[in-house]
Amino acid sequence: MIKRGLLFGSFYLMALLVNAASVYSQTNYKFEAIYIYSFTKYLSWPDNTIKNQFVVGIYGYSPMQQELVSVTNGKSVGDKSISVKNYNSLEEIENCQILFVSTEYEGDLPELTKIANTKHILLLTDGNDMSGKGAGINLVNVDGKQKFELNEAAVKKAGLKISNQLIPLAILVK
């Protein structure tokens with residue numbers, strides 16, 4: 001009887017831990033989505049690159065998409081409404097201003113960097129040392145706090161302008 005109670009208690013504890021990890025992950029995506037939307041206020045794109053909508057793209061599958069849709073619903077950048085689109089291949093990336101690339105797709109970063117530089121796209125990631133591999137902004141967790149790394153050279157190479165107000169908030173990376 002005691003063994004059964006211990007076994008049940010162990011399963012209950014595991015279920016709580018899995019649930020807590022899931023809640024943490026969802027909360028983390030929510031914070032990251034808020035950051036992504038906020039970057040639109042501190043960066044500027046060449047005029048001819050924004051067509052009918054300001055597009056935030058997700059490369060591959062990521063739970064970030066749902067959070068981005070929620071955070072950007074009804075919002076705009078200048079006079080352009082924000083649209084969140086999913087891209088499953090490099091060839092699909094078109095008319096996009098920000099492209100979020102999760103760590104599962106970091107192998108495509110060299111090719112994505114070339115696309116970003118020619119199409120004026122901010123590459124945004126959330127993995128270890130991704131800004132050193134070509135991302136303009138990399139979302140990181142430092143001591144339990146959401147922060148971001150800024151690779152000024154990568155952002156400028158993509159043809160974007162950075163507000164002086166953003167630089168002191170960032171962890172600068174070369």
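A cavity here is a set of points, on a 1 Å grid over the protein atoms alone, where a 1.4 Å probe fits but cannot get out. Searching the whole structure for cavities of 30 Å³ or more turns up 1. The model you are looking at is predicted, so local features need pLDDT of at least 70 and side-chain atom pairs count only at pLDDT 80 or more, while totals for chains, interfaces and linings use all residues. Residues are numbered from 1 along each chain as its sequence is written, and side-chain values use heavy atoms, with hydrogens and water left out.

**Overall layout**
- The chain holds 4 helices and 10 strands, taken as DSSP runs (H or I, at least four residues, for helices; E, at least two, for strands) and numbered from the N terminus.
- Starting at the N terminus, the order is α-β-β-α-β-β-β-α-β-β-β-α-β-β.
- Of the 174 residues, 41% are buried, meaning under 20% relative accessible area with a 1.4 Å probe and protein chains only.

**Nonpolar cores**
- A nonpolar core is a set of buried Ala, Val, Leu, Ile, Met, Phe, Trp, Tyr and Cys residues joined through side-chain atoms within 4.5 Å.
- The largest one has 30 residues, and Ile36, Leu43, Leu122 and Leu124 have the most contacts inside it.
- Elements giving two or more residues to this core include α1 (2–39), β2 (53–59), α2 (64–72) and β4 (80–87), and α1 gives the most, with 5 residues.
- Leaving aside residues up to four places away in sequence, Leu43 touches Leu122, Ile137, Val155, Lys161, Ile162 and Leu166 (contact: heavy atoms within 4.5 Å).

**The largest cavity**
- The largest cavity has about 60 Å³ of space, a volume being the space filled by probe spheres set on grid points joined across faces, edges and corners.
- Its lining residues (an atom within 4 Å of a point) include Ala116, Leu122, Leu123 and Val155.
- α3 (109–119), β6 and α4 (152–157) each give two or more residues to this lining, with α3 giving the most, 3 residues.
- By class, the cavity lining has 7 nonpolar, 4 polar and no charged residues; Ala, Val, Leu, Ile, Met, Phe, Trp, Tyr, Cys and Pro count as nonpolar, Asp, Glu, Lys and Arg as charged, and the others, Gly among them, as polar.

**The largest pocket**
- A pocket is an open set of points with protein on both sides within 12 Å along at least five of seven lines, and the largest has a volume of about 270 Å³.
- Among its 16 lining residues, Asn28, Glu32, Thr103, Asp126 and Gly127 are the closest to its centre.
- α1 supplies the largest share of the pocket lining, 4 residues.
- The pocket lining is made up of 4 nonpolar, 9 polar and 3 charged residues.

Notes:
Buried < 20%, exposed > 50% of the residue type's maximum accessible area, 1.4 Å probe, protein only.
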